[in-house]
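Visitor: I'd like to learn how to read a structure like this one. Could you walk me through a few features?

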Number of protein chains: 2
Amino acid sequence: MNENKQRCAIGVDFGGTFVKLARVDEHGVIGARASFATAGLAGVAGWLDAVARHVDTLLADMPADVEWRGIGVGVPGFVDYARGFVHNLTNVPGWSAVPLAEMLTQRFGKTARVDNDVNAMAVGECTYGAGQAYQHAVFITLGTGVGGGLLINKALYRGAYSLAGEIGHVSIDRNGIVSPTGRGGVEQYVGNKRIVERALQALDAGRTSRILEFAGGRREDITPKVISAAAAAGDELAGEIFDFVADCLATMMASVAYLLQPQAFIIGGGIAAAGPVLFDPLRRHLNERLSPYFAERLVIKRAELGNDAGVIGAATLTFLE
Amino acid sequence: MNENKQRCAIGVDFGGTFVKLARVDEHGVIGARASFATAGLAGVAGWLDAVARHVDTLLADMPADVEWRGIGVGVPGFVDYARGFVHNLTNVPGWSAVPLAEMLTQRFGKTARVDNDVNAMAVGECTYGAGQAYQHAVFITLGTGVGGGLLINKALYRGAYSLAGEIGHVSIDRNGIVSPTGRGGVEQYVGNKRIVERALQALDAGRTSRILEFAGGRREDITPKVISAAAAAGDELAGEIFDFVADCLATMMASVAYLLQPQAFIIGGGIAAAGPVLFDPLRRHLNERLSPYFAERLVIKRAELGNDAGVIGAATLTFLE
């Protein structure tokens with residue numbers, strides 16, 4: 001290995017719908033991208049073949065003075081990070097008990113790392129994005145579920161069995177909604193589907209609102225994004241829904257803050273794009289729910305890497321230690 | 001310094017009622033003890049004089065081949081551990097903005113460490129008690145309030161501003177009891193006074209129960225200990241109260257487990273002495289509130305150092321790094 005060479009890595013963001021790949025350098029800058037559909041691949045072997053083809057393409061135009069360090073993958077499910085072993089993927093059939101890091105190393109002869117997708121995003125944000133300045137930070141991603149990643153002493157903390165940071169299951173109500181992961185988990189209140197359900201229920205109950213108008217009159221087109229646009233335009237119901245979402249998140253975040261006392265919360269994922277419609281009530285509720293000493297010192301920031309957090313973070317895993 | 005010498009330290013457990021001191025060796029064994037009443041001392045200076053007198057006594061019969069390493073203090077309030085600075089003590093007047101570690105070092109010419117009392121206990125339990133085997137563990141103490149200490153990678157994690165582990169403020173109900181630290185904090189439900197209140201309310205509402213009999217017929221003598229004795233004897237109301245306490249704790253502990261995935265919870269403090277009356281429903285509720293993967297791997301243990309956790313832990317602080 002030439003110490004003077006710039007290094008790069010391939011980052012793979014393995015989503016339920018698309019697999020995205022990028023060649024990322026040590027400064028977190030993307031040199032080339034690719035993607036392919038997750039559906040229709042012939043299991044793990046088919047997935048590996050497709051990844052290999054795209055890796056070839058991504059490396060083809062790599063400058064000569066750059067060394068390919070390895071490949072990192074963020075997957076949507078349960079992973080043992082130390083072994084790079086995929087226990088199983090929630091929404092991708094055929095992926096259970098896969099020694100993925102080992103298979104990737106055999107295939108490419110390079111360092112390979114496999115992590116949960118949210119952990120990979122958290123690593124990306126904390127290395128190159130909104131979390132760079134912090135020693136201790138908590139990364140939250142808002143989408144279908146609520147995911148989390150914990151930065152402790154500048155490193156991602158994975159817990160005793162590689163599954164720490166399951167922030168979506170933190171309970172906000174002892175007698176709340178029952179799910180397979182317990183009772184009152186915050187994602188049972190603020191997951192994308194729950195937000196839309198809440199709007200539909202209010203509309204069905206006869207509430208006046210412009211939400212349907214923002215969805216072009218089509219109920220099935222109501223999304224959290226549509227509701228946030230209505231809220232930004234001053235729609236009362238939409239504002240109430242985001243206030244509720246913010247309060248549920250603030251309840252969980254106050255618990256996390258009392259427990260871990262991070263310097264910052266970094267919030268990414270679709271709903272984070274709502275901007276002030278979410279962040280203003282979030283700050284207000286959090287201040288109500290924390291003693292001033294905790295509230296005053298706590299930073300709440302929006303994630304900066306956006307849709308690239310997954311590929312950048314996955315690539316970053318191969319630069320660690 | 002002679003490397004072959006055994007080392008010892010003075011541990012000080014600064015409580016609201018008593019100040020307890022002990023000479024503790026590097027194996028966590030107590031060689032001598034002392035204590036004095038907290039009330040009636042002339043402020044910080046008076047406290048320091050009293051401590052110095054007792055330290056002299058404790059060191060007087062120290063074997064010649066033992067070296068006195070330093071002094072550690074666990075205090076009931078807010079501390080900046082890195083500086084050994086006491087912000088303020090909740091129940092001890094006159095203690096605010098005290099650079100206690102500095103004052104102790106000046107007085108004794110030795111290493112001095114000052115920490116929150118619960119942190120000190122957690123350090124003691126994780127070094128010499130129930131937490132020795134673990135890399136990642138959460139220490140909980142049940143008393144007037146609910147305190148916590150987080151062992152992460154074999155070290156106490158103190159957070160960004162030295163106040164992490166405030167487990168008593170983790171919310172179990174978004175719309176729950178309001179307090180200066182937020183809403184629904186678990187200690188608002190399971191603190192000693194709350195447990196007694198719950199019993200009194202049920203008795204006032206006409207519930208048949210042997211709790212009053214266990215308190216010798218005196219309402220004012222009803223304590224969590226009395227209620228646990230009644231529960232152990234099969235009293236239905238007392239059993240219900242402990243089931244409620246266990247479920248509140250399980251709600252908080254499930255949230256903590258999903259977040260940190262520790263190997264173990266170690267539970268100390270007065271109510272922990274209730275034994276199976278508390279621990280049986282606690283395990284049951286926790287299993288209901290965690291996915292099997294988390295529940296199966298999680299150990300729940302009673303703390304082992306008992307009333308000595310404070311002095312042993314405080315002494316241990318001086319052995320660290």
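**Hairpins, sheets, helices and copies**

Guide: Let's start with a hairpin: the one of E6(B) and E7(B) has six residues between the strands, and B:Gly94 there takes a positive phi near 85°. Strands here are DSSP runs of E with at least two residues, helices are runs of H or I with at least four, and both are numbered from the N terminus. This is a predicted model, where local features need pLDDT of at least 70, side-chain atom pairs count only at pLDDT 80 or more, and totals for chains, interfaces and linings use all residues. Residues are numbered from 1 along each chain as its sequence is written, chains are lettered from A and ligands numbered from 1 in the order in which they are written, and side-chain values use heavy atoms, with hydrogens and water left out.

Visitor: In which sense do E6(B) and strand E7 of chain B pair?

Guide: Strands of a sheet pair through backbone hydrogen bonds, either parallel or antiparallel. Two strands count as paired if DSSP finds at least two bridges between them. E6(B) and E7 (residues 96-98) are antiparallel, over two bridges, and B:Asn88 has B:Ser96 as its bridge partner in E7(B). B:Asn88 is also the partner in E6(B) of B:Phe78.

Visitor: What is the strand order in the open sheet of chain A?

Guide: Five strands run in the order E3-E2-E1-E4-E8, with mixed pairing. At the edges are E3 (30-37) and E8 (111-116), each pairing on one side only. Neighbouring strands are turned by 20° against each other on average, direction ignored; axes are lines fitted to C-alpha atoms, for helices over the stretch in contact, and angles run from 0 to 180 degrees between N-to-C directions. Inside this sheet, E1 (residues 6-14) and E2 (residues 18-25) of chain A are antiparallel and joined by seven bridges, and A:Val12 stands opposite A:Leu21.

Visitor: Which strands of chain A does helix H1 lie across?

Guide: H1 (residues 43-60) of chain A lies across E1, E2, E3 and E4 (66-75), at about 150° to E3(A). Helix H11 (residues 309-317) of chain A lies across E1, E2, E3, E4 and E8, at about 125° to E1(A).

Visitor: How should I read two helices packed together, say H5(A) and H8(A)?

Guide: Two packed helices are described by the angle between their axes and the distance between the axes. For H5 (residues 192-204) and H8 (residues 236-260) of chain A, that's about 140° and 11 Å. They are therefore oblique to each other (under 35 degrees is roughly parallel, over 145 roughly antiparallel, 65 to 115 roughly perpendicular, and the rest oblique). Contact, meaning heavy atoms within 4.5 Å, involves A:Ile195, A:Arg198, A:Ala199, A:Ala202 and A:Leu203 of H5(A), and A:Leu237, A:Ile241, A:Phe244 and A:Val245 of H8(A).

Visitor: Last one: what rotation superposes chain B on chain A?

Guide: Two copies of a chain are related by a rotation about an axis and a shift along it. Here the rotation is 180° with 0.0 Å of shift along the axis, at RMSD 0.0 Å, superposing by least squares on the C-alpha atoms of residues with pLDDT of at least 70 in both copies. The two copies are thus related as by a two-fold rotation axis. In chain B, B:Asp173 has the C-alpha nearest the axis, 2.1 Å from it.
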